[in-house]
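Dear colleague,

I am passing on the structure below, together with notes on what turned up when I went through it. Please read them with the model open beside you.

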Amino acid sequence: HESAHQIKRAQYGHPKDDMHAELSHELQVIGNHYSLFNRHDEAVDYLTRALRINRRRKDPKGDPMPHMESASLGDLASALMRKGDVKRALGSYQASLDIEVR
């Protein structure tokens, strides 16, 4: 397990002490699994937490990481759509697209 984390850190450039990368990833994985099993409230909760972390994250140089925020928004939008919350889902999709267009 630790070896996998070391490889992931090396691939994405996250410093060893950056728990945010691992935490946000785990929250997204859990949220996406909850969504698959129709546990939409839990999915939205976990994916919202991952989004909050990814909005604040910086790369090792201190630059923002908008692609991580965009990915979180896309996952959240999908979970909201499955939950039936179309208005919020469309807002998340739009926010994700706005980031990608920049």
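Serine 70 counts as buried because its relative accessibility is 4%, where buried stands for under 20% relative accessible area, exposed for over 50% and partly exposed for what falls in between, with a 1.4 Å probe and protein chains only. This serine lies in helix α4, helices here being DSSP runs of H or I of at least four residues, numbered from the N terminus. Once neighbours within four places in sequence are left aside, serine 70 is in contact (heavy atoms within 4.5 Å) with Ser96, Ile99 and Glu100. Isoleucine 99, treated in the same way, is in contact with Pro66, Glu69, Ser70 and Leu73.

Before going further, please note that this is a predicted model, in which local features need pLDDT of at least 70 and side-chain atom pairs count only at pLDDT 80 or more, while totals for chains, interfaces and linings use all residues. Residues are numbered from 1 along each chain as its sequence is written, and side-chain values use heavy atoms, with hydrogens and water left out. The mean pLDDT (the predictor's confidence in each residue, from 0 to 100) is 85 for the protein, and 82% of its residues reach 70 or more.

In soluble globular proteins, nonpolar side chains tend to be buried together.

As for charged pairs, the whole structure holds 5 salt bridges, each being a side-chain nitrogen of Lys or Arg within 4 Å of a carboxyl oxygen of Asp or Glu. One of them joins lysine 83 and aspartate 41, at 3.0 Å from N to O. This pair links distant parts of the chain, since lysine 83 is in helix α4 and aspartate 41 in helix α3, 42 residues apart. Lysine 83 is partly exposed, with a relative accessible area of 36%, whereas aspartate 41, at 53%, counts as exposed. Another salt bridge brings together glutamate 42 and arginine 39, at 3.2 Å; glutamate 42 is partly exposed at 28% relative accessibility, and arginine 39 is partly exposed at 38%. Aspartate 85 and arginine 88 also meet in a salt bridge, at 3.4 Å, with arginine 88 partly exposed at 43%.

Two further residues deserve a look. Asparagine 38, placed in the loop between α2 and α3, has a phi near 60°, a positive value in a residue other than glycine, and is exposed, with a relative accessible area of 52%. Most residues other than glycine have a negative phi. Leucine 36 is found in helix α2 (residues 19-36) and counts as exposed because its relative accessibility is 54%. Leucine 36 and arginine 82 are 46 residues apart in sequence, yet 9.1 Å apart in space, C-alpha to C-alpha.

Technical notes:
Helices (H or I, at least four residues) and strands (E, at least two) are DSSP runs, numbered from the N terminus.
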